[in-house]
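Visitor: I'm new here, could you show me around this one?
Guide: Happy to, take a look first.

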Amino acid sequence: MRAFFIIALLIAGYWHCYAQKNIRDKHITNQQERMVFKQWSKNKFTPTSGFLGLNPEYLLTWAWHPNYPKKDLRPLSAAGPQSQRLLLVAAMNSTENAYKLQADTLRNTVLSEAVSYSGDLSVSDPLWLLYYRHEFNPLLEQDDALILNGLEHKVKEYLIRTGILSWYLEESQALEQRLEGARVTTLDRGSRIIAYHRLLNEYRKLNATWENKKQRAKLYLSLTETTNRIKARDKSLAPKTGRTDSQIADDILSKSKL
């Protein structure tokens, strides 16, 4: 009984090893090579037709599929499904990149236009930072209480009395408000720069007029003081006879006739 059991185990092991043996069928190998990577060759379709096409294995195999050897059915062939899928993926990637490039272009365009138009970002404009901010700095930081510093007391009183100071303050405040409006308004960059240029010209003209009025005020007060001194001197030199100029002239004429 023991010997029979050992013999049974040996037979079972032999059949197991035989079942695990690799099966190498050239027909299956050819088909696998055709479908995966090798050329689709009609000459490698086995079994062959044989003498006068009378091979029964050929008839049993390919008679039911006469067009199969003629069609290239490799997935990676030029017209294969996998090749078409790869081409479709490449085309979709190209389209996606084109859409992405267009979207990025639109985004950059929108950002550049937002920077150019937005009044909130006008303070970062290079031309404002490099030039106009320094030119408008006296106007933006103007202190009304210190405008008359450095002038003589009589000139200050004259400018205040005649309303010249009030005129200058009103004009400078109006310019400052217009400048602030040009800075915060949503406007294209070119129009904003033109507005800066016009306001700067007006500000320079206003300052030139203001300086001219101060100089004229000094000159006027100086001439007034000189005139008053001359009048006072003439009065001190005039004879105190109580007679008018016409009476004195008549006396001189009457004496000349004699």
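**A quick tour**

Guide: Ser172 is found in helix H8, which spans residues 164-184. Helices here are DSSP runs of H or I with at least four residues, strands are runs of E with at least two, and both are numbered from the N terminus. This is a predicted model, where local features need pLDDT of at least 70, side-chain atom pairs count only at pLDDT 80 or more, and totals for chains, interfaces and linings use all residues. Residues are numbered from 1 along each chain as its sequence is written, and side-chain values use heavy atoms, leaving out hydrogens and water.

Visitor: Does Ser172 count as buried or exposed?
Guide: Buried means under 20% relative accessible area, exposed means over 50%, and partly exposed lies in between (1.4 Å probe, protein chains only). Ser172 has 0% relative accessibility, so Ser172 counts as buried.

Visitor: Which residues is Ser172 in contact with, leaving aside its neighbours within four places in sequence?
Guide: Contact means heavy atoms within 4.5 Å. With those neighbours set aside, Ser172 is in contact with Leu139, Gln142 and Leu206.

Visitor: And where is Leu127 found?
Guide: At 34% relative accessibility, Leu127 counts as partly exposed. As for its place in the fold, Leu127 is found in helix H5, residues 126-135.

Visitor: How many helices does the protein have?
Guide: Along the sequence, the pattern reads α-α-α-α-α-α-α-α-α-α. The secondary structure has 0 strands, and the helices come to 10.
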